[in-house]
Amino acid sequence: MKASEFLELISAINQLNHHQRTVLTTTLSQLSDEPKVSELIETAFDTKGHYCPHCSHTESYRHGLAHGLQRYRCKACKKTYNALTGTPLARLRYKSKWLDYLDAITHSLTVRQAAIDLDVHRNTTFRWRHRFLTWIKQDRPTILHGITEADETYLLESHKGSRKLDRQPRKRGGSASKRGISDEQVCILIARDRSKQTIDFVAGNGPITKAILSDYLKPLLDSDALLVSDSNPTYEAFCKAENITHEAINLSQGQRVVKGAYHVQNVNAYHSRFKSWLDHFHGVATKYLPNYLGWCRVMDEDRNITPEMLLNSAMGDFQHLTVT
Ligand SMILES: [Zn+2]
């Protein structure tokens, strides 16, 4: 735009009414990041490898632009798609605000605070939270090495936000009606090796079992792994059955460290960091717990995670968020 035209534009701004100013502000803010976000999306799509999300065929024609993204037509099934088709981010609106939203994720903002900061409805930031985290939580180590601590912790099951309840609603922060670990509690299993690679699972309701450990933990342990747990006999039985070297710490007898090296302090500290981080969301529905576990894991250790790294992971372009 010529300088003289720009001056005219500026003087025209003075004549805008309140509504027009609001529209202009929104338009300007949406202008800012959209091309950058589109470019990041296209790059992540190229990195992951192009294929048709409908039939997995790898050859396509370019088929115009839609919503700021290249559209493709599959040579095999003739359906069209773009970089977001088949991902949890498909059809989400306001791309210009995605990096700002992912910045809010790096600061663990609540749904309400992110909605205020981004000037969108809180239903939008709630939807974004869980769509973005769907694949971000899967960007995690594939194997744990050497001394690996494992321990479970429990949270009261919550049906927050659910319309149907098969029991009386509990007050926020309520307590279980049964003593000890029962099926009212959700088991969370954390394992962490000494290079701080961490994995987390929501392992169902009630106490941890040998079968759960075999299903969830065994595939992630390298053959050189030495598992350290508390004295819960379930871990001992699991290690025996799966031929895994094992050290048990008898915490109830005041034992903290065995043979100068083995303890479960890292994983227990992780449990408490997770629980206190979770507290500031004022209760979360159990069905979303895997997302929160993944979120906490990604943000743990102050690893300078950027919104751009999160966007890559949210699109399934992984290995940006694991500890190296
Ligand atoms: Zn196809």
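## Sheets and helix packing in a predicted model

Helix H9 (residues 289-299) lies across strands E5 and E6 and runs at about 160 degrees to E6. The model is a predicted one, in which local features need pLDDT of at least 70 and side-chain atom pairs count only at pLDDT 80 or more, while totals for chains, interfaces and linings use all residues. Residues are numbered from 1 along each chain as its sequence is written. Helices (H or I, at least four residues) and strands (E, at least two) are DSSP runs numbered from the N terminus. Angles run from 0 to 180 degrees between N-to-C directions, and axes are lines fitted to C-alpha atoms, for helices over the stretch in contact.

E5 and E6 belong to an open sheet of five strands with mixed pairing, in the order E6-E5-E4-E7-E8. Strands pair if DSSP finds at least two bridges between them. At the edges stand E6 (198-205) and E8 (245-249), each of which pairs on one side only. On average, neighbouring strands of this sheet are turned by 25 degrees against each other, direction ignored. Helix H7 (residues 233-242) also packs on the sheet, where it touches E4, E7 (226-230) and E8; the direction of H7 makes about 170 degrees with that of E8.

A second open sheet consists of three strands in the order E1-E2-E3, with antiparallel pairing. Its edge strands are E1 (60-66) and E3 (80-81).

| Strand pair | Sense | Bridges | Residues opposite each other |
|---|---|---|---|
| E4 (residues 147-156) and E5 (residues 185-193) | antiparallel | nine bridges | Thr153 and Ile188 |

Helix H5 (residues 122-136) and helix H10 (residues 307-314) meet at an angle of about 75 degrees, with their axes 7 Å apart. H5 and H10 are therefore roughly perpendicular to each other, a term that covers angles of 65 to 115 degrees. Phe132, Trp135 and Ile136 of H5 make the contact with Leu310, Ser313 and Ala314 of H10; contact requires C-beta atoms, placed from the backbone, within 7 Å. These residues divide into five nonpolar, one polar and no charged.

In helix H3 (residues 98-106), the buried residues include Trp98, Leu99, Tyr101, Leu102, Ala104 and Ile105. Buried denotes 20 or more other C-beta atoms within 10 Å of the residue's own, with C-beta atoms placed from the backbone. After H3 comes Ser108, which has a positive phi, near 50 degrees.

Definitions and conventions. A residue is buried if 20 or more other C-beta atoms lie within 10 Å of its own, exposed if 12 or fewer, and partly exposed in between; C-beta atoms are placed from the backbone. Angles under 35 degrees count as roughly parallel, over 145 as roughly antiparallel, 65 to 115 as roughly perpendicular and the rest as oblique. Two residues are in contact if their C-beta atoms, placed from the backbone, lie within 7 Å. Ala, Val, Leu, Ile, Met, Phe, Trp, Tyr, Cys and Pro count as nonpolar, Asp, Glu, Lys and Arg as charged, and the others, Gly among them, as polar.
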